[in-house]
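Work through the helix-packing exercises below. Keep the structure open as you go.

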Amino acid sequence: MTGSEHASRFTRLRPLLFTIVYEILGSATESDDVLQDAYLRWAEVDLATVRDSKSYLAQLVTREALNALRARARRREEYVGPWLPEPLLLDEGDASADVVLAESVSMAMLVVLETLTPDERAVFVLREVFGFDYDEIAGAVGKSAATVRQMAHRAREHVHARRRRFGPVDAGRVSDITERFLAAADTGDVESLMALLAPDVVWTADHGGKATAIRRPVKGARRVAALMARLFEVARDTPELRIETAIYNSAPAVLIYTGDHLEGLFVVEVVDDRITHLYAVRNPDKLTGVTVKRKISR
């Protein structure tokens, strides 16, 4: 087998492999690094011994992702303020027709996955999102199939107890709610903002101690509405600031620029026609690669 065959198989499966690693790590830039390391290992494999490239590579990148996850555990313990996943800019149409895939890369799901152990997180992702069998997952996490089955059950119960079940998402409806929300924020209409917010809405800002941001989550419709009205008032009064919209993590997002410099962005979560969470990322380390479009798959 030639090196081109290794490259061909890896490239064909890369969107799937990237998605697996991103869901385990919550970081697109770290996922790129993991895939690069995994490819170097893959390039040394005798392809005559590989019965199923998808299964083999999924196990390989999962092991690499788990190594990366454990290596950064101490850094995470020292992280300043709330932690959020690195936002993921999706190619147009990606995940929109696949409810499971869209939910699996949502900010809400990734935040919940952070509450699992590394092995539980990998097991949940491989089983619940990608449908790998227990033997395949066992090979990825270094556990017996019986142990993996038990871990999958625990992880599934844990996640389902903590997440909102989105169900099928009406992208047009979500877009309309977001547009109305931004229009109300732009005019400072707090009452209209509150009508679009869930009573228990939360604004969470990830700054990592490296950018100006509200240090603790802001909770409640009136407080979040006032915050948004103030944010857009500052934007109106600052000519060099501009606001753009895009789709990140299968949800509408608002990007705030000073000239060509991205100051931050926030992702809007809509459940049952109300905005339930605003996930804001200000940490510059998490903004360096967020304008790169990614392909995801399962």
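Predicted model: local features only at pLDDT ≥ 70, side-chain atom pairs only at ≥ 80, totals over all residues.

**Exercise 1.** Describe how the buried residues of helix α2 are arranged, and name what covers them.

*Solution.* 
1. Start with the helix itself. α2 runs over residues 28-42 and has 15 residues. From first C-alpha to last it reaches 20 Å, close to the 21 Å expected.
2. List the buried positions. They are Ala-28, Ser-31, Val-34, Leu-35, Ala-38 and Trp-42.
3. Look down the axis. The buried residues of α2 fall within an arc of 110°, so they line one face.
4. Recall the helical repeat. An α-helix has 3.6 residues a turn, so residues three or four places apart point the same way.
5. Turn to the face away from the buried side. Gln-36 and Leu-40 are exposed there.
6. Find the cover. It includes α1 (3-25) and α3 (53-71).

**Exercise 2.** Classify the packing of α1 against α7 (residues 118-129).

*Solution.* 
1. Take the geometry. The two axes come within 9 Å and cross at roughly 140°.
2. Assign the class. Over 145 degrees would count as roughly antiparallel; α1 is therefore oblique to α7.
3. Name the contacts. From α1, Ile-20, Glu-23, Ile-24 and Leu-25 meet Arg-121, Ala-122, Val-125, Leu-126 and Val-129 of α7.

**Exercise 3.** Do likewise for α3 and α8 (residues 134-141).

*Solution.* 
1. The axes lie 8 Å apart, at an angle of about 40°.
2. α3 and α8 are therefore oblique to each other.
3. Their crossing is right-handed.
4. Contacts from α3 include Ser-55, Gln-59 and Leu-66; among their partners in α8 are Glu-136 and Val-141.

Key. Residues numbered from 1 in each chain as written. Heavy atoms only, no water. Helix = DSSP H or I, 4+ residues; strand = E, 2+ residues; numbered from the N terminus. Expected span 1.5 Å × (residues − 1). Buried < 20%, exposed > 50% of the residue type's maximum accessible area, 1.4 Å probe, protein only. Arc of directions from axis to C-beta. Contact = heavy atoms within 4.5 Å. Axes fitted to C-alpha atoms, helices over the stretch in contact; angles between N-to-C directions. Parallel < 35°, antiparallel > 145°, perpendicular 65-115°, else oblique. Left-handed = near helix turned anticlockwise from the far one by under 90°.
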